[in-house]
Amino acid sequence: MPAGKSLQDRLSAGEKVFAAEGYMFEFNKRGYLKSGAMVPEVVIEHPDLVTKMHEEFVHAGSDVVLAFTYYGNRHKLQVIGRQDEVEQLNRKALKMAREVADNTGTLMAGNLSNTTVFDPSDKDTVDTVNAMFKEQVIWAKDEKADFIVGETFYSLAEAMLSLEAIKAYGDGLPAVVNIAPTAKGHTVDDVPLEEACRKLEEAGAAVVGLNCSRGPKAMVPLLKRVRQACKGPISALPVPYRTNEEIITYQMFKDPYTEQYTFPSNMAQFQCSRNEIEFFGNACKEIGVQYIGLCCGNTSDYFRLLCETCGKTTKASRYTTDMSNHYLNTDKGLSEYNAKVRKALLGL
C-alpha cells in the first residue's frame, strides 16, 4: 500500500501531517529499554515489539512511521559496549519502519538526534558528530526513507550539522529539523528559538520547529514566535507533561514528597489531561502548525485524541470513549438499586 503523496506534496497542499513519537519512554515503561543510557537496544532484542508499536501509532492516526534510531548513533552504542552493532541496529530499525509504512500507506522517516558528545569549541567532537550523522543518513537513504527527521537539538550549531549531513548524503531527501527548547527562550548557543528555526529554514530544511522538553502550554507561546519568523511549514511535538511558567521543562519536575528529580522514570504524576492535549491540538490549528505530534510520554490514546482534535478520523476512532452508554452518565432507565449504586459512586 504505497504512501501516495510525498511529505512535501502534502505540506504544499496545506495538509497536516501527524507524526507519533515517544518510543523511548514507552519501551522503558514496558520493560524493554533502560533509562539512563537510553539506547534503542529493543530494535535488536525484540524487533517484533518495535513493529507492533509502529502499527499501534499508525492505528492511532500517525501518518509517519519514524524509524527507532533515536540515540542509535555510534557513540551511544559505545556507552553500552555495542558499538559494533550500530549499522545492524540502524538498518534493522529502518527496514522495519519501511515495511510498516508500505503496509499501511504511510511515510517512513529516518531519525537523527542530539549526540551528547557535541562541543562546538572542540573540533574533534565536531568531526565525530559529522561522521555519525553521515553514516546514519546514508543508511536511511539506502533503506528508502521518505524523509529524515533531525531532532531534540539544544544548539543551532548541532542542528545545522544534522541538516548539512542530510543535504550532503541524503540524495535530496527532505529534512524536518526540530530544536528542543530549554528553560530559556533561546538555544544553548544563545540564538533565539524563532531565529534558529528561521536559519534552518533558510539553510534548506523542509520543515522546522520545536520538539521535546516543554509540555503543550509552555510550548505554544514559542510556536507563535516560530510561526511569525518562518515562511514555510512548521512543526510542534511537545511532551505530554504539565510544564508551566515556573516548571518550564519536564526535566525540572521534582517529586513533592522526596524533592528528587523525577525525570525520566517517575513522571506519571505530571502527565497531561485529555483537555491539555485538546488545547494543544486547537492551538496547532489556530497557529498554523502543519507537522504535528507528541514526543516523550506519548501514548496511542493521547495521539488519537490529538488527531481527532485537529479534525482527523483515525482507525482507532471507532473505539473513542462514548459515555452515553455508561450507567454513570445518566440514571434514566436504571433500576432503583443501580440508580443507588450510581449515586453512591458519584457522591450524590
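Modeller: Start with a cut-off: buried means under 20% relative accessible area. Keep in mind that this is a predicted model.

Colleague: Why is Thr152 called buried?

Modeller: Thr152 has a relative accessible area of 1%. The limit is under 20%. Therefore Thr152 counts as buried. Thr152 is found in strand β4, residues 147-153.

Colleague: What is phi of Thr152, positive or negative?

Modeller: Positive, at about 60°, although Thr152 is not a glycine. Ser213 is another residue other than glycine with a positive phi, near 70°. Ser213 lies in the loop between β6 (207-211) and α10 (216-229).

Colleague: Why is Ser213 buried?

Modeller: Its relative accessible area is 1%. Buried means under 20%, so Ser213 is buried.

Colleague: How confident is the predictor in this protein?

Modeller: The mean pLDDT is 97, and 99% of the residues reach 70 or more. Among the elements, strand β5 (residues 175-179) has the highest mean, 99. Helix α13 (residues 336-346) has the lowest, 93.

Colleague: Which residues touch the most other members of the largest nonpolar core?

Modeller: Phe68, Phe147, Leu200, Tyr250 and Tyr291, out of 113 residues in that core. Helix α6 (residues 86-104) gives the most to this core, with 8 residues.

Colleague: What is Leu200 in contact with, leaving aside its neighbours within four places in sequence?

Modeller: Leu156, Ala159, Met160, Leu163, Val177, Ile179, Ala205 and Val208.

Colleague: Now helix α6. Why does Leu89 count as buried?

Modeller: Leu89 lies in helix α6. Its relative accessibility is 1%. That is under 20%, so Leu89 counts as buried. Beyond four places in sequence, Leu89 is in contact with Pro40, Val43, Ile44, Phe68, Gly72 and Leu77.

Colleague: How far is Leu89 from Val64?

Modeller: Their C-alpha atoms are separated by 20 Å. Along the chain, the two are 25 residues apart.

Colleague: Next, the rings. How many aromatic pairs are there?

Modeller: The count comes to 11 aromatic pairs. One of them joins Phe25 and Phe263.

Colleague: What makes the pair of Phe25 and Phe263 tilted?

Modeller: The centres are 6.2 Å apart, and rings pair if their centres lie within 6.5 Å. The angle between the planes is 50°. Under 30 degrees would be stacked, and over 60 edge-to-face.

Colleague: What joins Phe263 and Pro264?

Modeller: A cis peptide bond, with omega about 0°. Pro264 is found in the loop between β7 and α11.

Colleague: Where does the charged end of Lys254 sit?

Modeller: Over the ring of Tyr261, 4.8 Å from its centre. The limit on distance is within 6 Å. The charged end of Lys217 sits over the ring of Phe279, 5.6 Å from its centre.

Colleague: Last one. Why does Ser113 count as buried?

Modeller: Ser113 is at 3% relative accessibility, and the limit is under 20%, so Ser113 counts as buried. Its place is in strand β3, residues 107-113. A polar atom of the Ser113 side chain lies 3.2 Å from the backbone nitrogen of Tyr71. Leaving aside neighbours within four places in sequence, Ser113 is in contact with Tyr70, Tyr71, Phe133, Glu151 and Phe153.

Conventions:
Residues numbered from 1 in each chain as written. Predicted model: local features only at pLDDT ≥ 70, side-chain atom pairs only at ≥ 80, totals over all residues. Heavy atoms only, no water. Core = buried A, V, L, I, M, F, W, Y, C linked by side-chain atoms within 4.5 Å. Buried < 20%, exposed > 50% of the residue type's maximum accessible area, 1.4 Å probe, protein only. Helix = DSSP H or I, 4+ residues; strand = E, 2+ residues; numbered from the N terminus. Contact = heavy atoms within 4.5 Å. pLDDT = per-residue confidence, 0-100. Polar contact = N/O pair within 3.5 Å; in protein donor to acceptor, adjacent residues only side chain to side chain. Phe/Tyr/Trp six-rings, centres within 6.5 Å; stacked < 30°, edge-to-face > 60°. Lys NZ or Arg CZ within 6 Å of the ring centre and 35° of its normal.
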